[in-house]
Amino acid sequence: MLGPRPMVAGPAETNHAPLTAPGATRAMEAVLERVLEARLRQARDTDAVFAADMADRLAAYVRRGGKRLRTAFVWCGWRAAGGSGDASAVLRTGAALELLQACALIHDDVMDGSPLRRGAPAMHVDFAHGHPAGRTGAAPESFGTSAAVLAGDLALAWADDLLTETALASPHGPRLFEEWRAMRTEMVAGQYRDLRAQASGSSGAEEALTIAVLKSARYTVARPLALGASLAGADARTLGALRAAGRCAGLAFQLRDDLLGAFGDPALTGKPADEDLRARKLTPLLAAAVRLAETTGDRDAAAVLAPDADARPGHSVERMRAALERTGARAEVEARIADLAASGLRHFEATGAAPGVRREFAALVERASGVAPQQAEELV
């Protein structure tokens with residue numbers, strides 16, 4: 001049986017490598033747009049209602065964007081491993097990651113019951129608003145949840161199709177696909193561990209770290225770096241340094257996201273600021289606060305942060321925020337972010353990447369972590 005036919009590269013894909021990570025991100029946007037247009041044509045050929053209700057909605061969701069950090073990290077990994085010349089595979093890999101991210105966010109919002117994403121209604125809420133009224137009496141919320149699950153599945157199918165096409169057209173396709181396959185499994189494992197921790201009311205620091213690594217650190221930074229390096233035929237030493245750099249920078253990113261989830265401004269983050277606290281989501285921030293409350297004998301903080309705290313009189317998100325501050329957990333996590341960001345730069349330097357690429361990586365780490373990491377040495 002013949003495999004999928006590789007996509008024909010467009011003009012933006014056949015140029016020499018973009019000189020900067022932002023340039024790669026802009027070029028990826030053009031590739032992503034062509035991919036979406038092709039998928040929408042296929043959807044319309046399949047079924048007009050499906051295309052109008054779901055495929056168009058998904059394409060609009062993807063076009064609303066996000067940080068697009070993963071594409072930039074793919075580019076950094078590719079350049080750190082000596083990649084140059086035709087960047088088409090790098091750009092397509094970045095576009096596939098954006099489609100995979102859409103799947104992850106849509107499903108995550110369903111599981112968390114989040115009403116907002118990227119400053120607009122979450123996918124399941126949007127579908128519920130468009131619920132086709134009928135005589136069955138089916139609840140709009142149930143319809144919205146079911147439709148959003150399917151939309152996430154469709155995003156995953158589009159992502160896998162694009163990555164497979166890219167791998168088939170690349171001399172390093174098998175290595176690229178191995179990284180992709182591992183990343184998808186890690187995503188599911190991390191999401192399940194997150195759900196399980198919430199159900200059990202866990203406060204364990206080790207479990208919180210495991211979830212952060214599986215669900216975010218590898219997926220956001222480490223695997224994108226390795227995907228890019230694979231496209232350049234990276235050796236084991238370079239891949240090892242990139243994985244270490246990605247784990248550190250990815251954890252710094254996740255810890256910053258945890259702080260924004262507890263203290264951030266919804267107008268800036270595009271999502272509610274109290275969801276993680278209301279759900280008592282297990283994060284390294286929460287685990288640190290529980291540990292510090294127990295260590296210092298702060299019984300009030302321990303009670304507010306306990307799994308059964310919702311049943312206690314006077315419980316509120318504001319009291320949880322105060323406990324995170326008073327125990328020193330917020331300050332501890334801020335310090336850890338700075339340490340992880342600096343460690344990420346040191347590991348990336350070990351790849352032997354050119355100073356310009358190292359500067360690009362440092363800028364991305366600063367953007368992801370919210371701190372300017374200290375350079376191991378002056379980049380000239």
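I take contact to mean heavy atoms within 4.5 Å. The model is predicted, so I note the limits: local features need pLDDT of at least 70, side-chain atom pairs count only at pLDDT 80 or more, and totals for chains, interfaces and linings use all residues. Residues are numbered from 1 along each chain as its sequence is written, and side-chain values use heavy atoms, with hydrogens and water left out.

**Entry: E98.** I looked up E98 and found its place in helix α4, residues 88-112 (helices are DSSP runs of H or I, at least four residues; strands are runs of E, at least two; both are numbered from the N terminus). E98 counts as buried because its relative accessibility is 3%, the cut-off being under 20% with a 1.4 Å probe and protein chains only. Neighbours within four places in sequence aside, I list M28, L32, R68 and T71 as contacts of E98.

**Entry: core.** I then checked the largest nonpolar core, where L58, L99, W180, F348 and F361 touch the most other members out of 112 residues. Helix α4 gives the most to this core, 13 residues. Such a core is a set of buried Ala, Val, Leu, Ile, Met, Phe, Trp, Tyr and Cys residues joined through side-chain atoms within 4.5 Å. For F361, not counting residues up to four places away in sequence, I recorded F73, C76, L225, A245, A249, G344, L345 and F348.

**Entry: whole protein.** I read off 16 helices and two strands. Of 380 residues, 52% count as buried. Among contacts between residues at least 6 apart in sequence, 74% join residues at least 24 apart.

Note on methods
Buried means under 20% relative accessible area, exposed over 50%, partly exposed in between (1.4 Å probe, protein chains only).
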